[in-house]
Amino acid sequence: MVFLDLIEKKRDGGELSAAEIDEMIGLYVGDDIADYQMSSFLMAVMWRGLTNAETATLTWSMAESGARFDFSSLMEPKVDKHSTGGVGDKVSLLLAPLAAACGCIVPMISGRGLGHTGGTLDKLESIPGFRVDLGHDEFRKQLEAIGVAMGSQTKELVPADRKLYELRSLTATIPETGLITASILSKKIAEGTESLVLDVKTGSGAFMQRLDDARQLADRLHQIAILSGLQCSILITEMDQPLGCTVGNSLEVREAIAVLSGDAERSTDLKELTLELTTEMLVLSGLSESHPHGLRLAQQALDSGKALERLGELIEAQGGNPRIIDNIGLLPQSPHTTVVTAPYEGWVACIDARLIGAATVALGAGRTQRSDSLDPAAGIELHAKCGQWVSRDEPWATLYHGPGADLGRATMKLKAALSISPDKPAAIHLVKERRP
Ligand code: URA
């Protein structure tokens, strides 16, 4: 194959055949297509899109690009959740141990930060010692022992997504329905889950900012998931402001532990969405007969401390220091903080999640180039959220930063993110729709 021909075909609006897509993925994983050519192809896809047939083939080629986990001998239902990406979206850190504490087997393959959004793997790796590159046997043993394992794409597991995911993040080629669908579902097929709850985000901090685009993505995801033999349920949820009160890797781990410890006073949206998505997993997998029953189960596992205990077991099983659960001071800490205050009084009408995500990247919590190393402690804590009153000069955010931060850029983005209004804004509904 001459890959240049495929770039031209997509650029000119053509549809690739299954054989062409299969060969392209094989060559790319084998390092026989250079990143500069793949970047050009991805940009052509951004403009021309992928058809349903192309998306299905790409998903399956990517899933088959490495090994596939098989946990069919485990009797309990295997169920996972994946989000299409948001800012402050740390739900997986709480939900995976919570669902396991409710009886699910959760084989979760996650991603790293993508564009302005955070990634579960980067958050987990901010825990000293935590490993995400688990092999099949380790994964299985851990699922048998504690019902949950959280890993990454590797050279063996979905290597195609491992390479494409990073390239898309660095070349502004993320928000295309087919590419997102193939990236998410290839991981889910390869990890061996039976059922999947998808959290499709919409709003300023999401890749699909408009509700109609989120619906299209949700419908494509559902269609290809069903064709791939996965049971699937989808919620479209709000991502106009960051979820919870922190954005940045170790800060988000800290918040997740706080919520699982019963300290959710300031993180009500995070707790509500975690319970909602866990309930969906329990119902979809048949562990619960109804939504109210599932919600009760999830709430009990949270309130009893079982989910927190399971998080400690998960951290220990993957080489991390479980003592962070009782002593968050053991997580990486920033040497510097800068407080940003409200310029005048009023109701917080909007905290633009995309700008907060970009500010966090400028602080060093995300990547804009391959060579960037992450500062695990960098990030932002919000002291006010939409619908709260702030007085003039009241602190509304704190930046946590180290020597590599671009503080000027981060502060500029942060300040631009805040809108204050004399009128109280309407209440936010986290779950906008269920699809299909
Ligand atoms: N999450 C993924 O795993 N891939 C995407 O493309 C977007 C969100």
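By class, the lining of the second largest cavity splits into four nonpolar, 12 polar and four charged residues. Here Ala, Val, Leu, Ile, Met, Phe, Trp, Tyr, Cys and Pro count as nonpolar, Asp, Glu, Lys and Arg as charged, and the others, Gly among them, as polar. The model is predicted: local features need pLDDT of at least 70, side-chain atom pairs count only at pLDDT 80 or more, and totals for chains, interfaces and linings use all residues. Residues are numbered from 1 along each chain as its sequence is written, and side-chain values use heavy atoms, with hydrogens and water left out.

The second largest cavity holds about 160 Å³ of space. A cavity is a set of points, on a 1 Å grid over the protein atoms alone, where a 1.4 Å probe fits but cannot get out; a pocket is an open set with protein on both sides within 12 Å along at least five of seven lines; lining residues have an atom within 4 Å of a point. Grid points are joined across faces, edges and corners, and a volume is the space filled by probe spheres set on the points. Of the 20 residues lining this second cavity, Thr117, Gly118, Val361, Ala365 and Gly366 lie nearest its centre. Helix 6 (120-125), helix 11 (249-260) and helix 15 each supply at least two lining residues. Helix 15 has the largest share, four residues. Helices (H or I, at least four residues) and strands (E, at least two) are DSSP runs, numbered from the N terminus.

Now the largest pocket. It contains about 620 Å³ of space. Its lining has 28 residues, and Gly115, Val361, Gly366, Arg367 and Thr368 are the closest to its centre. Helix 8 (159-170), helix 15 (353-365) and helix 16 (407-417) are the elements that give two or more residues to this lining. Helix 15 gives the most, six residues. The lining of the largest pocket divides into 12 nonpolar, nine polar and seven charged residues.

Back to the cavities. There are four of 30 Å³ or more. Strand 1, helix 6, helix 8 and helix 9 each supply at least two of the lining residues. Helix 9 gives the most, four residues. The lining of the largest cavity has seven nonpolar, 13 polar and six charged residues.

What takes up the space of the largest cavity? The ligand does; a molecule sits in a cavity or pocket if more than half of its atoms lie within 2 Å of its grid points. Around the ligand are His82, Ser83, Thr84, Leu114, Tyr165, Arg168, Ile180, Ser183, Ile184 and Lys187, where near means a heavy atom within 4 Å. Strand 1 (79-83), helix 8 and helix 9 (177-191) each supply at least two residues of this shell. Helix 9 gives the most to the shell, four residues. By class, the shell has four nonpolar, four polar and two charged residues.

Polar contacts (pairs of N or O atoms within 3.5 Å) come next. A polar side-chain atom of Arg168 lies 2.8 Å from a ligand oxygen. A side-chain N or O atom of His82 is 3.0 Å from an oxygen atom of the ligand. For Ser183, a side-chain N or O atom is 2.7 Å from a ligand nitrogen. The protein covers 98% of the 240 Å² of accessible area that the ligand has on its own, by the Shrake-Rupley method with a 1.4 Å probe.

How values were computed: Polar contact = N/O pair within 3.5 Å; in protein donor to acceptor, adjacent residues only side chain to side chain.
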